[in-house]
Number of protein chains: 4
Amino acid sequence: MSGNSLGKLFRVTNWGESHGKAIGVVVDGCPSLLELSEKDIQKELDRRIPGQSKITTQRKEKDKVEILSGIFNGKTTGTPISMIIYNKDFRKEDYKKLTKALRSSHADFTYEKKYGIRNPYGGGRSSARLTAGNVAAGAIAKKILKEKLNTEIIAYTKRIKDIEAVVDTGKVKEKYVEASIVRCPDHKKSEEMEALVEETAKKGDSVGGIIECVARNIPPGLGEPIFDKLDADLAKAMMDINAVKGFEIGSGFSAAGMYGTAHNDPFIMEAGKIRTKTNNSGGVQGGISNGMPIILRVAFKPTATIQKQKAIDMKGNDIKLGAGRHDPCVVPRAVPIVEAMAALVLCDHYLRFKALGGKDGN
Amino acid sequence: MSGNSLGKLFRVTNWGESHGKAIGVVVDGCPSLLELSEKDIQKELDRRIPGQSKITTQRKEKDKVEILSGIFNGKTTGTPISMIIYNKDFRKEDYKKLTKALRSSHADFTYEKKYGIRNPYGGGRSSARLTAGNVAAGAIAKKILKEKLNTEIIAYTKRIKDIEAVVDTGKVKEKYVEASIVRCPDHKKSEEMEALVEETAKKGDSVGGIIECVARNIPPGLGEPIFDKLDADLAKAMMDINAVKGFEIGSGFSAAGMYGTAHNDPFIMEAGKIRTKTNNSGGVQGGISNGMPIILRVAFKPTATIQKQKAIDMKGNDIKLGAGRHDPCVVPRAVPIVEAMAALVLCDHYLRFKALGGKDGN
Amino acid sequence: MSGNSLGKLFRVTNWGESHGKAIGVVVDGCPSLLELSEKDIQKELDRRIPGQSKITTQRKEKDKVEILSGIFNGKTTGTPISMIIYNKDFRKEDYKKLTKALRSSHADFTYEKKYGIRNPYGGGRSSARLTAGNVAAGAIAKKILKEKLNTEIIAYTKRIKDIEAVVDTGKVKEKYVEASIVRCPDHKKSEEMEALVEETAKKGDSVGGIIECVARNIPPGLGEPIFDKLDADLAKAMMDINAVKGFEIGSGFSAAGMYGTAHNDPFIMEAGKIRTKTNNSGGVQGGISNGMPIILRVAFKPTATIQKQKAIDMKGNDIKLGAGRHDPCVVPRAVPIVEAMAALVLCDHYLRFKALGGKDGN
Amino acid sequence: MSGNSLGKLFRVTNWGESHGKAIGVVVDGCPSLLELSEKDIQKELDRRIPGQSKITTQRKEKDKVEILSGIFNGKTTGTPISMIIYNKDFRKEDYKKLTKALRSSHADFTYEKKYGIRNPYGGGRSSARLTAGNVAAGAIAKKILKEKLNTEIIAYTKRIKDIEAVVDTGKVKEKYVEASIVRCPDHKKSEEMEALVEETAKKGDSVGGIIECVARNIPPGLGEPIFDKLDADLAKAMMDINAVKGFEIGSGFSAAGMYGTAHNDPFIMEAGKIRTKTNNSGGVQGGISNGMPIILRVAFKPTATIQKQKAIDMKGNDIKLGAGRHDPCVVPRAVPIVEAMAALVLCDHYLRFKALGGKDGN
């Protein structure tokens with residue numbers, strides 16, 4: 001009800017503020033008897049943390065996760081998995097000026113209007129730091145999908161400003177993504193993007209981009225009719241990520257410019273299974289997965305925090321802010337977040353599918 | 001859980017199949033003492049029905065709504081409002097060939113895989129006809145928002161194929177939209193679009209497009225942090241509409257190509273209220289409304305039903321289908337559906353906002 | 001949220017008012033491919049209707065159910081099952097005096113305070129007539145449990161005033177219950193109860209009683225830890241029935257007077273299965289079914305409607321009411337309602353159990 | 001879905017195992033700007049901890065609560081309040097024998113069947129220790145109700161075995177309850193109860209009892225029709241407490257033995273407000289509060305852990321267990337738990353009532 005939980009059968013409750021004592025997440029509905037350790041979680045968190053490369057903010061958060069419940073002898077018990085990350089790198093003085101500031105295109109003003117109070121340090125509850133909990137939960141979802149369905153979920157930087165990568169959604173692998181500082185598996189474009197981000201950082205500016213995500217080995221039958229369509233739930237999860245302004249699946253916005261004869265995906269038989277020849281549907285038809293790879297794209301705005309950050313107070317007076325630490329482009333660090341959110345949605349729908357007797361075979 | 005309900009405080013449960021006995025919707029959570037009659041509902045349903053003009057399918061569904069509960073002496077009682085639309089224009093013979101057909105880019109295959117059974121007549125549960133129930137529910141949501149907040153929700157055809165309208169989101173009115181057969185308030189582009197749709201129909205083809213929607217007079221404070229962000233819930237609701245492939249808010253995908261210095265919306269004081277100078281945020285910051293108009297766009301694929309509809313059966317054999325009745329472009333008829341879905345989300349979040357003591361003033 | 005839906009995976013949404021156009025229920029989450037017809041529903045509804053015998057009110061409601069959706073070729077499609085019962089026997093004049101009356105121990109006053117408006121005819125939304133929808137939904141739940149688990153759910157009148165039946169919970173069958181006008185399978189006590197109810201009716205008074213319900217063939221594993229314990233959800237469902245004032249499971253309130261040495265149920269092996277020697281637990285331990293019969297009891301107050309019904313208006317003035325038609329004892333007619341509510345809870349938990357990979361074997 | 005969350009607008013998610021690293025609770029939906037500190041929580045937790053007196057188990061858990069999020073400058077921010085209690089007093093060796101033991105009337109067997117794995121130490125997830133989180137959450141609910149409505153929620157030991165206290169529900173105060181080791185405000189009966197519990201402890205046995213709870217200053221209008229009746233939600237919450245076997249409201253089971261003429265509560269005017277002369281309804285009519293005190297009773301079975309605890313393993317072999325530490329009677333320590341659960345339900349319904357525009361005046 002209050003916007004801090006996601007999922008129906010695989011349910012994540014996220015709590016904490018950027019610079020509070022700790023942040024964390026409770027995962028409820030994880031099936032029992034899954035092997036799980038902090039290592040499984042930590043490896044995904046390590047992909048999200050800042051300070052990984054010269055192009056991300058140099059705050060060293062570390063984000064060391066601790067599992068507090070729901071595991072016994074290395075296996076899940078079917079009861080809630082509580083995970084906590086204590087906050088460390090918090091220089092309160094940095095943020096003192098911020099307590100009254102309503103920064104342009106941040107959530108300071110809207111939180112103030114909604115709650116009449118907010119924790120201003122580091123953006124408080126509205127900080128992208130809170131996605132760490134979701135990445136932790138997503139690591140569990142990913143593992144369930146991997147073990148049960150051999151699902152692979154791979155996201156990567158598709159575009160930064162006008163530099164667009166060419167990526168084969170059928171062949172892209174995580175290692176190609178991780179080999180790039182900007183998480184773009186197209187080597188040549190990756191270098192261009194990197195240069196652009198560095199240059200943008202030097203100017204004290206920020207820049208937007210697009211992440212593409214493919215999920216392979218999703219069986220047909222996931223998703224619900226009318227309201228909890230698989231693509232609709234994916235859209236919601238992606239729009240819940242900080243700085244996201246748009247979502248599309250398959251042909252996406254380009255479908256608006258097409259004729260039906262070109263857009264329809266003809267069915268074919270392939271190794272005894274019904275597949276589609278093209279995949280404008282992006283793996284979802286009528287809100288339900290059809291067994292083809294799920295392909296989606298997410299648009300990110302340029303980071304709102306820039307060097308010459310404008311701000312006012314609640315009375316409309318200008319407030320001068322120093323230059324804060326910030327990522328000139330959120331896209332590279334958002335790659336594991338997009339994967340995590342996709343995993344959360346797909347895992348929830350997978351369990352819902354199983355609840356009604358769905359079979360695992362693809 | 002099973003994808004037939006939407007909303008938390010203002011909750012809609014949709015039931016029925018395209019060519020079953022009836023379709024309907026139960027609206028739970030409508031505040032009491034709202035004046036409401038079938039007329040309020042019917043006027044929105046009349047905008048959605050086919051056969052309104054030469055460019056839409058000539059099936060005359062009529063969609064006559066009946067309110068069965070929740071109203072006493074012309075006012076809502078706070079208990080569930082059950083609405084029913086009996087189905088009439090059902091020529092079963094038209095669809096007999098369809099019972100085994102898995103039509104390209106329809107939901108026949110995915111429903112078959114998910115449930116092992118489906119009502120094939122008219123697309124059954126997966127038909128866009130089911131949006132009628134949502135339009136009926138949306139009419140109530142619209143009325144609540146209008147009475148409590150003077151909210152105006154106006155959607156219109158922004159683009160069909162490559163023809164893009166120029167529309168002032170601050171000034172557009174429903175009457176300008178309704179004056180156009182294609183529901184495009186840009187008179188000149190409307191004529192071009194109309195010609196394109198007619199021509200497409202003649203070729204037995206279909207075409208995609210984009211609907212833009214603006215919601216004015218939404219107070220700051222609607223939407224939740226982390227997971228039920230207002231824009232995320234809007235995205236989900238829009239993606240739940242049949243044939244939708246993409247969603248964006250404010251600057252949307254264009255944000256991906258921008259610098260932060262250009263994208264940030266500076267705060268200004270306007271008549272004693274804090275507003276933003278530009279509205280790249282689309283009225284939502286940190287997932288919460290900021291008092292500016294909410295502006296979103298929805299991409300529709302070309303209608304999957306075309307004259308030379310391809311289909312196979314579950315064994316992979318080709319099935320020859322006759323030419324069905326279809327809309328060459330779903331966009332014009334989808335305009336009231338987009339408005340309805342926006343109204344459902346906004347009304348639900350408005351009630352959630354009130355639950356925590358939110359004030360109505362903008 | 002607004003109290004008109006029950007269940008998580010098997011979800012029932014109830015709508016209507018006692019004397020509105022119709023009442024009904026939408027069942028969402030019913031697995032596909034279950035054979036289902038109106039006959040399955042009608043037989044349970046016929047057990048609930050008034051006018052069945054000399055001891056129940058003579059209103060002939062009939063309660064003819066119609067299934068409007070969710071069935072194709074005699075089988076469930078996995079999509080919502082909408083059921084409707086049109087209201088017929090409504091003599092509006094009977095109730096005119098009631099529009100301002102706040103009758104003792106009815107819900108007139110609380111509805112007035114909650115909503116500021118109410119449909120007063122026949123008690124409107126607060127009437128026990130609304131349980132008809134739940135009985136219809138319960139008939140589906142019963143059928144699922146019967147087919148999947150061979151579950152039998154049998155309720156019966158255990159007590160009316162001070163007359164208490166002796167019933168063997170292991171052997172009682174529905175036919176013994178239905179053979180009795182008061183639905184008490186203890187033949188001798190049944191006659192005494194019948195005489196007491198008739199005598200009470202003659203005096204224009206009403207009388208309370210207790211229903212006991214046993215559910216046999218429920219596998220171990222149904223129910224959740226901490227908050228959705230099986231017995232807790234059964235308690236809630238029973239307390240949701242009109243006129244109920246108490247609930248107990250297994251030893252119930254008598255446990256308060258016992259020592260642990262006497263109350264504990266020792267485990268034994270029986271035909272290779274772990275069972276308990278005694279069943280003070282009532283088939284539930286730690287909130288989860290243990291494979292033993294579930295045994296519960298529900299206390300009903302005397303019908304609030306009596307011949308000399310007292311009432312006031314909102315200003316405190318006395319209102320004189322004529323003698324309305326009423327049941328002198330709600331217990332016999334409530335027997336199928338208790339069974340239905342038990343079935344709804346058990347079926348929901350059965351599906352939740354399956355969602356996590358639970359096996360059907362008992 | 002998985003039974004670890006309670007409430008709709010005021011939502012509690014409980015996690016942890018008795019002897020895991022920590023236990024905790026996330027409270028989502030707490031209105032902003034409420035003054036709140038760890039002291040508010042600790043004082044309720046201190047009432048629940050063991051080792052308070054000679055009649056409770058001597059384990060010194062301490063249960064020191066820490067608030068990790070949701071508070072800024074001493075006030076709630078409207079975002080999730082995460083509370084944690086680290087576990088300390090854990091002598092693993094005590095429990096080693098228990099890992100295979102299925103103890104009579106415990107949840108060992110049902111957890112084993114449900115999950116195929118369980119944390120056996122101290123009862124793991126099924127331990128009453130987990131109620132500490134609920135008591136912490138309940139402390140917040142209590143404070144909200146106190147500040148907004150001046151609500152008083154007072155529970156006390158009504159009965160232990162056959163010793164029944166006489167308590168005036170209109171006058172009882174917490175200080176009278178807390179003055180008694182067994183939490184019985186009837187001084188004379190308190191002494192008898194204390195003697196009985198001590199004697200029972202000496203015999204290595206345990207004994208059951210009844211807690212009564214009164215909530216004063218609850219406005220009319222809380223509770224929903226049909227399914228989320230206030231008394232139904234209270235019943236569910238109480239049945240969720242470990243060892244509870246029965247629930248009743250107002251007249252409760254005694255209503256089964258009454259005539260309607262005696263049971264009906266006539267309305268009267270009192271200081272300009274509509275009240276009832278008697279309160280057999282227990283403050284709830286038609287599932288909605290009527291402004292009278294809410295009065296309920298909860299039956300507890302004797303503690304399952306006794307000195308001569310029987311147990312078997314999954315193959316049916318007897319397991320000999322040493323005498324564990326246990327409370328001979330759970331009732332005194334359960335008093336604050338009953339209050340907490342009542343507070344959680346009442347607070348949730350209060351917020352739901354406000355969401356629809358309900359007024360605070362009683």
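## A buried glutamate in chain B

With a relative accessibility of 5%, B:E212 counts as buried, a word used for residues under 20% relative accessible area, while exposed means over 50% and partly exposed lies in between (1.4 Å probe, protein chains only). The model described here is a predicted one, in which local features need pLDDT of at least 70, side-chain atom pairs count only at pLDDT 80 or more, and totals for chains, interfaces and linings use all residues. Residues are numbered from 1 along each chain as its sequence is written, chains are lettered from A and ligands numbered from 1 in the order in which they are written, and side-chain values use heavy atoms, with hydrogens and water left out.

B:E212 belongs to strand β11 (residues 209-216) of chain B; here strands (E, at least two residues) and helices (H or I, at least four residues) are DSSP runs, numbered from the N terminus. Which side chains make polar contacts with the side chain of B:E212? One is that of B:Y156, at 2.5 Å, and another is that of B:R297, at 2.8 Å. A polar contact is a pair of N or O atoms within 3.5 Å, where within protein one must be able to donate a hydrogen and the other to accept it, and residues adjacent in sequence count only if both atoms are side-chain atoms. Leaving aside neighbours within four places in sequence, the residues in contact with B:E212 (heavy atoms within 4.5 Å) include B:I154, B:K158, B:T169 and B:I295.

## Strand β11 of chain A

In chain A, strand β11 (residues 209-216) is largely enclosed by the rest of the structure, because 8 of its 8 residues are buried. A:G209, A:I211, A:C213 and A:A215 point one way from β11(A), whereas A:I210, A:E212, A:V214 and A:R216 point the other way.

β11(A) runs antiparallel to strand β9 (residues 152-160) of chain A, to which 8 bridges join it, and two strands are said to pair if DSSP finds at least two bridges between them. Within this pairing, A:A155 has A:C213 as its bridge partner. β11(A) also pairs in the antiparallel sense with strand β17 (residues 294-300) of chain A, over 7 bridges, and there A:G209 is partnered by A:F300.

## Open sheets in chains B and C

In chain B, 5 strands form an open sheet in the order β1-β2-β3-β7-β4, with antiparallel pairing. β1 (5-6) and β4 (65-67) of chain B stand at the edges and have a single partner strand each, so one side of each is left without a neighbour in the sheet. Helix α1 (residues 38-48) of chain B packs on this sheet, touching β4 and β7 (81-86), and its direction makes about 155 degrees with that of β4(B); such angles run from 0 to 180 degrees between N-to-C directions, with axes fitted as lines to C-alpha atoms, for helices over the stretch in contact. Helix α4 (residues 131-149) of chain B lies across β2, β3 (22-28) and β7, running at about 30 degrees to β3(B).

Chain C has an open sheet of 5 strands in the order β1-β2-β3-β7-β4, again with antiparallel pairing. In this sheet, 2 bridges join β1(C) to strand β2 (residues 11-16) of chain C, and C:S5 has C:T13 as its bridge partner.

Between chain A and chain B, 104 residues of chain A are in contact with 104 residues of chain B. The two chains bury about 8,300 Å² between them, 62% of it on carbon and sulfur atoms; buried area is the accessible area (1.4 Å probe) that two parts lose on being put together, summed over both. In chain A, the residues that lose the most area to chain B are A:F227, A:K245 and A:F253, together 10% of what that side buries. The count between these chains is 6 salt bridges, each a side-chain nitrogen of Lys or Arg within 4 Å of a carboxyl oxygen of Asp or Glu. B:K236 forms a salt bridge with A:D233, with the closest N and O atoms 2.7 Å apart.

Between chain C and chain A, 8 residues of chain C are in contact with 8 residues of chain A. These chains bury about 610 Å² between them, 80% of it on carbon and sulfur atoms, and C:L9, C:A355 and C:L356 supply 53% of the area that chain C buries against chain A. Across this interface the rule finds 0 salt bridges.
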